[in-house]
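Here is a short briefing on a sheet and a helix. Keep the sequence and the 3D view at hand.

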Amino acid sequence: MNGQPFRVLFSDKLTVRLAVGGLLLAGSLGSCSPLRLLRPGQRLLSQVRIAGEQKADAERLQTLVQQKPNSTFPLPKVAIYQLGRFFYNEERIRGKLEDDRTRFSQLIKQAGTDSARVGQLLTKRERHVRRHQLALDRGNAIMRLGEPPVIYDSSLTATSVEQLGIFLKSKGFFRSSVAATDTVPTRRFAPLRLFALQSPFRTDSQRVTVTYHIHEGPAFHYSQLDYDIADTTVARRVLASQPQSLLRVGDRYDEEVVGNERARIENLLKNQGFYDFRQQYVTLEADTSFVPATVRLRTLIADPPRGNQHRLYTIRHVNFITDAGIVRFGRERDTLVRDSVYYLSYRHRFGTKTLDRKLEVRPGDAYSLLNTQLTQRQLASLDMFRFSTVTYRRVRGPEAARDSARGLLDATINASPAKKFQETVEGGATYVAELVGPFANLRLKVRNVFGGAELLEFGVRAGFEGQYDITGNNNERGSTTLNSQLTTQLGANVNLVLPQFLVPWRPNRYLTRYNPRTRLNASYTYVQRPDYTRTNVEGTFDYLWQRSAFHQYVFTPLDVSIIRTADLSARFDSILQNLRFQQGSPLYRSFDNLFIPSLNVTSLFNSNDFNETRDAKYLRLFVEVGGLTRRLYQQQPLVSYTNDLKNNKLKIYDFGKITADYRRYYKLTPRTYFVYRLAGGLATALTSTNITSVAKDGSRSTETAYLVPYDKYLFAGGSSSVRAWKPRRLGLGSYTQYKYDPNDPSQFLRINGSLVRDYNLEQPGEVLLEGNVEYRFPLYSFINGALFTDVGNVWALRPNAQQPGAQFKVNEFYRQLAVGSGFGFRFDFTFLILRLDVATKVYDPTAPGSKWAIRKFSFREDQTAFNLGIGYPF
């Protein structure tokens with residue numbers, strides 16, 4: 001799995017054994033008939049069909065069916081259950097359960113008054129009893145991987161008919177009808193019976209197919225929408241909001257939409273001061289007695305009981321308790337007043353100016369549910385409080401308003417402060433390139449650093465990680481064992497987040513509802529390998545704000561990176577130069593001394609959640625422009641000393657980059673999803689650069705090229721891209737990369753007269769196109785599966801004689817798209833998702849000769865990739 005061929009695992013003898021074992025397993029599964037589990041008079045539910053639906057939602061109808069047949073995808077689960085029955089002995093399990101209870105009772109009695117020993121024995125007894133009881137209730141481990149046979153129940157069919165009828169009428173099919181028939185299949189095709197040397201066709205008198213016959217009838221549409229509202233104040237507001245109504249004349253009647261309209265009216269009035277208003281006051285009456293297949297819908301809004309009117313509430317006072325939950329006996333909280341808001345605390349640690357920007361609940365304003373929720377979200381986004389709530393108290397007695405149609409509210413905001421210091425320590429090890437590399441991370445978060453709800457984070461990381469030779473060259477001629485080595489990686493970063501825009505003028509209060517933030521970040525990275533030593537210092541200045549709960553913008557007016565190569569071995573330098581001059585690889589540029597100033601903008605829309613369980617969309621757009629001012633302080637040609645990298649001057653390249661990533665998540669059932677992703681990008685130099693290279697002997701050579709900083713190139717391949725290829729190793733176009741002879745780096749490596757392909761060299765491109773399709777489904781408990789296909793590649797924008805086939809051409813690029821397919825397992829622990837994907841190359845555009853790599857399927861590292869990751873790939 002670490003880039004090594006599986007020679008022992010897939011030897012010829014073992015392949016034959018696996019094939020024979022597979023046939024025997026298939027035969028045993030084919031002979032495991034669930035009909036053997038049926039009692040006299042029982043029948044197995046084989047299939048459920050819904051027929052006759054035309055306009056109704058077929059997927060919603062399927063969910064209302066009370067009884068569904070056993071799942072057969074991706075495995076015949078009832079056959080697995082039956083297989084587990086062969087090893088299941090209920091009496092033996094009951095005997096073990098009684099034995100354990102007796103044994104632990106004796107041990108507990110012997111422990112006497114030793115409470116610690118008794119506690120341990122009780123815990124062990126509970127664990128044993130729970131395991132045995134689980135086996136009695138749900139079967140053994142194999143049975144739990146499968147499903148017990150679904151026994152047909154006619155009463156559930158009758159209930160399904162009733163539910164389907166109710167649903168159809170709720171969707172406007174008032175004259176619909178539903179009937180069900182249960183039939184016995186006369187002939188079934190069972191291919192697994194072939195492995196048991198039986199006919200693939202059979203007649204099952206004990207299997208039932210249930211068909212629900214739907215007669216929709218005419219769909220009823222709205223012909224007239226009327227309102228009956230006694231309270232003129234309420235009527236004026238509701239009628240003014242008609243353009244936002246969810247109901248339209250001509251639409252089909254839908255009780256779900258009617259319910260949403262009731263909720264809309266409730267939120268509308270609550271946002272306009274009606275604190276006491278409830279959805280129960282809203283009634284919608286449908287009348288179908290006029291024109292056939294039409295509905296006259298009347299919206300009625302009742303008055304409160306006892307003949308009162310709906311009251312408009314105004315906020316009188318706002319009290320903000322910034323240390324809720326803290327008690328100081330004998331002391332009262334100190335009070336500060338800012339913009340008519342009372343801030344109470346035993347000790348004022350948070351600046352009232354910052355907190356005032358986050359408050360949308362203001363004295364003198366009408367009550368608004370929207371402003372209440374917005375205040376809670378904005379306080380939560382500060383990451384200063386463990387929780388924050390907004391409560392209201394009606395003002396009664398002499399202080400109350402005399403007008404019966406109006407009322408007063410006192411608002412109280414309770415915020416419980418979080419810990420000022422929060423540290424996180426992580427330690428572990430990685431196993432990469434057949435080497436174990438320990439690592440450690442330390443992060444420290446400091447809240448409210450300067451008293452204005454600022455957030456300061458420090459991070460320090462250190463570790464060792466195994467890596468293969470970056471150029472993919474071998475130690476010995478013809479050897480397939482790659483060189484492994486430990487690299488030293490040290491890093492540190494500091495991050496300061498301010499809860500407002502840092503600008504030289506006073507920002508408008510209106511911007512606070514977009515949760516504006518300013519982020520300043522600085523980081524340092526040190527990497528030492530036997531071939532080179534490299535440092536990277538980066539600083540960014542970001543503005544962040546949210547248009548909605550799902551949509552975020554990031555504007556970075558200043559992004560500066562300084563990359564320096566402190567040391568480079570002579571052997572590695574010669575390899576980089578060979579790659580440069582013989583194959584046109586820009587890899588050598590990542591080891592020069594560079595200064596990269598840029599500005600960028602990111603727009604991110606994501607309506608999904610962490611576990612990706614919604615029907616959602618994702619769109620990320622990124623635009624970056626760098627090095628625009630280089631002509632002001634850097635003259636060309638740039639000088640590069642190949643024998644003195646440490647003292648090379650910093651070089652600046654101007655470039656532009658744009659990327660787009662769109663993802664769509666379709667929720668097919670509560671646990672099955674269809675997901676696809678489309679991604680593309682373009683990175684290019686804006687102007688040409690003249691570079692004069694000075695060799696060790698003092699000779700000079702000048703070249704003109706369109707240069708892009710190496711880290712700004714586009715790459716394909718890896719666990720979140722085209723998964724059948726190693727990370728950043730796919731491409732370019734149809735150009736084939738070959739290995740060099742370690743004994744003569746100026747020549748390609750040949751074995752038995754044939755060139756040897758290089759699968760380990762990174763392939764930086766200027767054009768990127770990718771697409772992914774994935775079907776996700778449950779397997780067992782917290783284990784989910786996935787079937788996927790990935791398509792993509794990277795290309796160069798400009799022709800290069802050293803890289804034939806690498807240039808992007810409109811009339812050829814579609815023939816150069818690499819294709820990989822595979823399957824994966826997702827271990828969903830709710831708070832963490834572990835992922836294992838196995839992907840194999842189907843179509844390899846860089847392969848010499850035949851491009852269809854699937855014809856040579858194997859588990860070798862040049863054909864199949866194993867990807868282990870955290871979270872979903874997209």
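A polar contact is a pair of N or O atoms within 3.5 Å; within protein, one must be able to donate a hydrogen and the other to accept it. The model is predicted. The points below cover an open sheet of 3 strands and helix α9, residues 255-270.

**Helix α9: ends and length**
- D254 caps the N-terminal end of α9. A side-chain oxygen of D254 lies 2.9 Å from the backbone nitrogen of E256.
- Helix α9 has 16 residues. From first C-alpha to last, α9 reaches 23 Å, close to the 22 Å expected at 1.5 Å a residue.

**Helix α9: buried residues**
- The buried residues in α9 are V258, E261, R264, I265, E266, L268, L269 and K270.
- Their cover includes three strands, β6 (221-229), β7 (282-287) and β8 (294-301). Helices α8 (232-240) and α11 (369-381) are also part of this cover.

**The open sheet**
- The strand order is β1-β5-β2, with mixed pairing.
- β1 (44-51) and β2 (177-183) stand at the edges. Each has a single partner strand, so one side of each is left without a neighbour in the sheet.
- From one strand to the next, the twist averages 15°.

**Around β5**
- Strand β5 (residues 207-215) pairs with β1 in the parallel sense, over 7 bridges.
- R207 in β5 is the bridge partner of L44.
- Helix α7 (residues 154-170) lies across β2 and β5. It runs at about 20° to β5.

Conventions. Residues are numbered from 1 along each chain as its sequence is written. This is a predicted model: local features need pLDDT of at least 70, side-chain atom pairs count only at pLDDT 80 or more; totals for chains, interfaces and linings use all residues. Side-chain values use heavy atoms; hydrogens and water are left out. Two strands pair if DSSP finds at least two bridges between them. Helices (H or I, at least four residues) and strands (E, at least two) are DSSP runs, numbered from the N terminus. Axes are lines fitted to C-alpha atoms, for helices over the stretch in contact, and angles run from 0 to 180 degrees between N-to-C directions. Contact means heavy atoms within 4.5 Å. The expected span of a helix is 1.5 Å times one less than its number of residues. Buried means under 20% relative accessible area, exposed over 50%, partly exposed in between (1.4 Å probe, protein chains only).
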